[in-house]
Amino acid sequence: MWKPQLFCNGWEALTNLLTFSKKRCPHPGCALKWNNVEHTWDCPCHGSRFDADGWVIDNPANGDLQEKQAGDI
């Protein structure tokens, strides 16, 4: 059975994996996006969130960002 939403989600995940970014999620490796409202780094692939200093605040990532790059915001 054809699931168009599955294709869209897969395409977005692939796009984020190929996006150039210094900030990468340690879970799937997607490019993180800065959330101006929450002041967090958010992963669009699976929903992990990190504070401005790179500490994980929401799963599925089970570790902090490798390099605490708060100055790169």
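These are my notes from looking through a predicted model of one protein.

**Ground rules**

I number residues from 1 along each chain as its sequence is written. Because this is a predicted model, I take local features only at pLDDT of at least 70 and side-chain atom pairs only at pLDDT 80 or more, while totals for chains, interfaces and linings use all residues, and side-chain values use heavy atoms, with hydrogens and water left out.

**Confidence**

I started with pLDDT, the predictor's confidence in each residue, from 0 to 100. The mean for the protein is 79, and 82% of its residues reach 70 or more. Where is confidence lowest, and where highest? I found the lowest in helix α1 (residues 4-18), at a mean of 73, and the highest in strand β3 (residues 49-51), at 94. I also marked residues 68-73, where pLDDT stays under 50. The model has 13 contacts beyond four places in sequence for that stretch, a contact being heavy atoms within 4.5 Å.

**Layout**

I counted one helix and four strands, in the order α-β-β-β-β along the sequence. Helices (H or I, at least four residues) and strands (E, at least two) are DSSP runs, numbered from the N terminus. Next I looked up burial: under 20% relative accessible area is buried, over 50% is exposed, and in between is partly exposed (1.4 Å probe, protein chains only). Of the 73 residues, 25% count as buried. Among contacts with a separation of 6 or more, 21% come from residues 24 or more positions apart.

**Cysteines**

How many disulfides are there? I get one, taking a disulfide as a pair of cysteine sulfur atoms within 2.5 Å. C30 and C45 form it, with their sulfur atoms 1.8 Å apart. The link is left-handed, with -95° about the S-S bond. It ties together distant parts of the chain: C30 sits in the loop between α1 and β1 and C45 in the loop between β2 and β3, 15 residues apart. C30 and C45 are both buried.

H39 has a positive phi of about 55° although it is not a glycine. I located H39 in the loop between β1 (33-35) and β2 (40-42), where H39 is partly exposed at 49% relative accessible area. The other entry is a cis peptide bond joining N59 and P60, with omega about 25°. P60 lies in the segment after β4 (56-58).

**Surface**

The accessible surface comes to about 5100 Å², and 57% of it belongs to carbon and sulfur atoms. Accessible areas come from the Shrake-Rupley method with a 1.4 Å probe; for residues, only the protein chains shown count as cover. Which residues form a nonpolar patch on the surface? I listed F7, W11, L14, L17 and L18, with about 570 Å² of accessible area together. Patches are made of residues with over 30% relative accessible area and no salt bridge, with like charges joined within 9 Å and nonpolar side chains (Val, Leu, Ile, Met, Phe, Trp, Tyr) within 5 Å. A salt bridge is a side-chain nitrogen of Lys or Arg within 4 Å of a carboxyl oxygen of Asp or Glu. L18 lies in helix α1 and is exposed at 68% relative accessible area.
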